[in-house]
Amino acid sequence: MSDINNPGGISRRSLVKSTAIGSLALAAGGISLPFGLKAAAVAVNGALENPDDKVVWGACSVNCGSRCALRLHVRDNEVYWVETDNTGHDEYGDHQVRACLRGRSIRRRINHPERLNYPMKRVGKRGEGKFERISWDEALDTITKSLKETVAKYGNEAVYLNYTSGVVGGNITRSSPYASLLTRLMNCYGGFLSHYGTYSTAQIACAMPYTYGSNDGNSTSDIENTKLVVMFGNNPAETRMSGGGITYYLEQARERSNARMIVIDPRYTDTAAGREDEWIPIRPGTDAALVAGIAHVLINENLVDQPFLDKYCVGYDEKTLPEGAPANGHYKAYILGEGEDGIEKSPQWASAVTGIPVDRIIKLAREIGSAKPACIVQGWGPQRQANGELTARAIAMLPILTGNVGINGGNSGARESTYNITIERMPVLENPVKTQISCFSWTDAIVRGPEMTAKRDGVRGKDKLDVPIKFIWNYAGNTIINQHAEINKTHDILQDESKCEMIVVIENFMTSSAKYADILLPDLMTVEQEDIIPNDYAGNMGYLIFIQPATAPKFERKPIYWITSEVARRLGPDVYQKFTEGRTQEEWLKHLYAKMLAKDPALPSYEELRTMGIYKRKDPNGHFVAYKKFREDPAANPLKTPSGKIEIYSDRLAKIAATWELQKDETISPLPVYASTFDGWDAPERSSYPLQMFGFHYKARTHSSYGNVDVLKAACRQEVWINPIDAQKRGIANGDLVSVFNGRGEIRVEAKVTPRIMPGVTAMGQGAWHDANMNGDRIDHGSCMNTLTTQRPSPLAKGNPQHTNLVEIKKA
Ligand SMILES: Nc1nc2c(c(=O)[nH]1)N[C@H]1C(S)=C(S)[C@@H](COP(=O)(O)OP(=O)(O)OC[C@H]3O[C@@H](n4cnc5c(=O)[nH]c(N)nc54)[C@H](O)[C@@H]3O)O[C@H]1N2
Ligand SMILES: Nc1nc2c(c(=O)[nH]1)N[C@H]1C(S)=C(S)[C@@H](COP(=O)(O)OP(=O)(O)OC[C@H]3O[C@@H](n4cnc5c(=O)[nH]c(N)nc54)[C@H](O)[C@@H]3O)O[C@H]1N2
Ligand code: SF4
Ligand SMILES: [Mo]
């Protein structure tokens, strides 16, 4: 229908705007703008002229941290053109929630020729991708039989709901295992082995509460009150791309405050891209050392906020060191070299670790120490390193030392917070099984479940697991293969059908994870169903989107509520009744919305919301300031830490460090110290694999979602970034096909030779689709970086250290 050069149909206004906020790669990525504009204009006119068109409100529901409204233009039961939010004004707080290049190309996912259409069972070996069409009855009966047998033989602890985030922006359709229909289903049937933590924030979400009792940051809009923004590994221009999201707020707020912005990242990011005042490249995994070097200057030059430290914190110096802590166990002693390691954390010391010149560290310290207020913020890149728990808490030390916590224009050092209109979630009921593993350790739990303990493997709720994982539900996720680490190892684990006996995958596409399914079920997309969903990260404007089905269901695709209800029916009438409570999907929506209205009468009525499509509300309390009440009156509003104060020294961590079983190269510490780690810049393996490598969240995709859309692949190429110095040594020119490898696997991909990445470090967009002959050489031609990552978890959170890798690169 519409032309192929116009990805998803982009209106003139929003195309111009999105390049103006600098977020998108349409211009940079090679689609010719004038032609795109012309094409868009033709599409707009065509859309307006056809009387049979309908326009349906939809939303992009992938896990990108934003959430965009879509207006889907439908003709002959087919989405042929996509527009975005057209409500509100170009005004701070009531602005349009404009979709990025991915959402605007959603029709290429909806109408993709390779969408799954029928239920299937596996006929080849796991991973071979050989399937046979079966009926829904056969599929549902097989699943139910296997579920019953698993529970009878091993107990409910052997059933696992894998981490998945494909429909994190859904309510009825939500895939996140904390809130999905599968959770509810399993809780109606005796429970399941659940997990804690996420692939997104495992380390920081575990660590920050030891310091602050929680993991909150100021809202980005509050940057309008700041003098200086320091971003550690935070790249909202790619990771919060929507016009309703953070990148818009960041630029708007900086326009108001004229704040300087310093970007600390091994990579010159799109967030920098000319808008930064300074880019400071840093060796991956060494931010805590930079912080220590800065602290050294702050202390020696009297730039610390001593009254703040005395009043609000525990463990900065001797005065507030908790009883029972070792003498000189405080932070100041650690920095000045009077602590256990006896090393002074001078800028010279920090420079050797981080690769940042001494002068620059000193200048940065003086800037941070004198800009009042300063907003120190970290993305989640630094914490996805193997020492990420320490790093997250260390970065928080800068605002703590300078008294920037709990005030407007400051921040806690955590990532930005957002305002939300509280949504009434589908109730998941209580899980009778209390045992939990970290979301990253499920492959371990298949291989050696009963050997996994609380003190060594982070099992929670019990001292150890009783049974291995035997049954996996995987709804809207690609973490079976693509998004989990060490793909070749996972493949070997899953090939053995005596270990994990049943894998059920519910998907829209034949992803690499789908290829490992025993039963593969095709479901509807969010935009093909009715649902009410809230914003994700959007600063201090919250909104709701009421999605209507854009088209009637096609082929044999079914909604997730139908699928789970039909399994419930087969598990028995009591399970069915408990699961459905006699409601249809629409009745559930009305029921949940009525509860929301009762709590929040300012909301529009159900019918009004359906007509509006999107409802927006600015945070009535203004900017969110993390720990504001604590700052105003710490006695009346203590933090959720044991002492009620900011714990620079954490007793709880000291106990864990003393009792957990750790390996030699693993550090858990009561203080936010710098520690080197396995596969780090100074690890012995670096002699064989001299380049540090991490993956970044890339504008081409949301993880692997949208990874099969041709125009996006063309606009944002999959490449491995390598510095000219490293490239020259290896005889690599820009665009050369190279082999990226380590002991875990090999990838073939084109090289992007660029000074935008520091020497000794390489990076590639994470989430590209794995594409290897697993019965042959296993070389991944799709450039999925998890071919190279490790399944070894981080020490405290037992989280995914997917950014900590060593590799070598050679010309292919
Ligand atoms: N190396 C490396 N690996 C990483 C990361 C990294 O930084 N580096 N990041 C990690 C992080 S933070 C995360 S959150 C995870 C994300 O990992 P995943 O949660 O697996 O995210 P996606 O890859 O987007 O996979 C979502 C899947 O849901 C499917 N899907 C989308 N919509 C629907 C729908 O309506 N119905 C159904 N049934 N399916 C749907 C998509 O087709 C896709 O296959 O990856 C982690 N993996
Ligand atoms: N376009 C797009 N947006 C997304 C996603 C996506 O896949 N695509 N995924 C979404 C999801 S689920 C999540 S969890 C978030 C992820 O958000 P983040 O975790 O913040 O994203 P990353 O790209 O992994 O890391 C952010 C930055 O950290 C840098 N970095 C890596 N290691 C280090 C380090 O050791 N020190 C420092 N200082 N910097 C480092 C990287 O170069 C990168 O620029 O993004 C969300 N947004
Ligand atoms: S991928 Fe994220 S930013 Fe892009 S349209 Fe979808 S929700 Fe919006
Ligand atoms: Mo994530």
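**Around ligand 2**

Mentor: Gly-381 brings a backbone N or O atom to 3.3 Å from an oxygen atom of ligand 2, which makes a polar contact (a pair of N or O atoms within 3.5 Å; within protein, one must be able to donate a hydrogen and the other to accept it, and residues adjacent in sequence count only if both atoms are side-chain atoms). His-703 also uses its backbone: one of its polar atoms there is 2.7 Å from an oxygen atom of the ligand. On its own the ligand has 900 Å² of accessible area, and the protein covers 99% of that (Shrake-Rupley method, 1.4 Å probe).

Before going on, a word on the model: it is predicted, with local features needing pLDDT of at least 70 and side-chain atom pairs pLDDT 80 or more, while totals for chains, interfaces and linings use all residues. Residues count from 1 along each chain as written, chains are lettered from A and ligands numbered from 1 in written order, and side-chain values use heavy atoms, without hydrogens or water.

Now the whole shell. There are 36 residues around ligand 2, each with a heavy atom within 4 Å of it. Those that come nearest are Cys-64, Asp-265, Asp-287, His-703 and His-803. By class, 15 of the shell residues are polar, eleven nonpolar and ten charged; Gly counts as polar here, and Cys as nonpolar.

Where do they come from? Domain 2 (203-419 + 630-659) and domain 3 (684-811) each give at least three residues, the bounds being an automatic or database assignment. Helix α8 (236-239) and strand β21 (691-697) each supply at least two, and β21 gives the most, with three. These elements are DSSP runs, helices (H or I) of at least four residues and strands (E) of at least two.

Arg-240, in the loop between α8 and α9 (246-257), pairs with Glu-416, in the loop between α15 (388-401) and β13 (436-438), 176 residues apart. Their closest N and O atoms are 3.6 Å apart, a salt bridge (a side-chain nitrogen of Lys or Arg within 4 Å of a carboxyl oxygen of Asp or Glu). Arg-240 is buried at 4% relative accessibility, and Glu-416 is buried too, at 7%; buried means under 20%.

Methods:
Buried means under 20% relative accessible area, exposed over 50%, partly exposed in between (1.4 Å probe, protein chains only).
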